[in-house]
Amino acid sequence: MERKHNPNLTENAKELRRNMTKEEKHLWYVFFKNYLVRFLRQKVIDDYIADFYCHKAKLVIELDGSQYYSKDGLLKDKIRTERIEKTQFDRFKNSKRRNKS
């Protein structure tokens, strides 16, 4: 499947890069910024903005906020995961990690 990019989200992605959450900053500056494989932050994929993206690893990493835990948020999250996975990328959410602890 061809990856799409919604240009209407580009400015929003730039704003999110300038105003990362504490958790995003920590992951970016401690790990991803100088990692051997290139990661991008706040990457527009389809109609979504992924927190972290690695083309070479075909990986999207999401740091879930509280908006994901409402009934509506869970449905949107499910749709988001399905659409990102259709681009042949895996989506890893920090809630998956928390649940395994």
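Predicted model: local features only at pLDDT ≥ 70, side-chain atom pairs only at ≥ 80, totals over all residues.
View 1. Helix α3 covers residues 71-86, which is 16 residues. Five residues of α3 are listed here as buried: Gly-73, Asp-77, Arg-80, Thr-81 and Ile-84. They cover an arc of only 100° around the axis, which puts them on the same side of α3. An α-helix has 3.6 residues a turn, so residues three or four places apart point the same way. The face turned away from the buried side of α3 carries Lys-71 and Lys-86, both exposed.

**View 2. Leu-9, ahead of helix α1.** Leu-9 sits in the segment before α1, the helix of residues 10-18. Its relative accessible area is 18%. Buried means under 20%, so Leu-9 counts as buried. Beyond its neighbours within four places in sequence, Leu-9 is in contact with Val-44, Asp-46, Asp-47, Tyr-48 and Ile-49. Lys-43 is 34 residues from Leu-9 along the chain, yet their C-alpha atoms are separated by 9.5 Å.

**View 3. Glu-24, a buried charge in helix α2.** Glu-24 belongs to α2, residues 22-32. Glu-24 is buried but has no salt bridge. Arg-41 is the nearest side chain of opposite charge, 8.0 Å away. A salt bridge needs a distance within 4 Å. The side chain of Glu-24 does make a polar contact, at 3.3 Å, with the side chain of Gln-42. Leaving aside neighbours within four places in sequence, Glu-24 is in contact with Gln-42, Asp-51, Phe-52 and Leu-63.

Technical notes: Residues numbered from 1 in each chain as written. Heavy atoms only, no water. Helix = DSSP H or I, 4+ residues; strand = E, 2+ residues; numbered from the N terminus. Expected span 1.5 Å × (residues − 1). Buried < 20%, exposed > 50% of the residue type's maximum accessible area, 1.4 Å probe, protein only. Arc of directions from axis to C-beta. Contact = heavy atoms within 4.5 Å. Lys, Arg positive; Asp, Glu negative; His and termini not counted. Polar contact = N/O pair within 3.5 Å; in protein donor to acceptor, adjacent residues only side chain to side chain.
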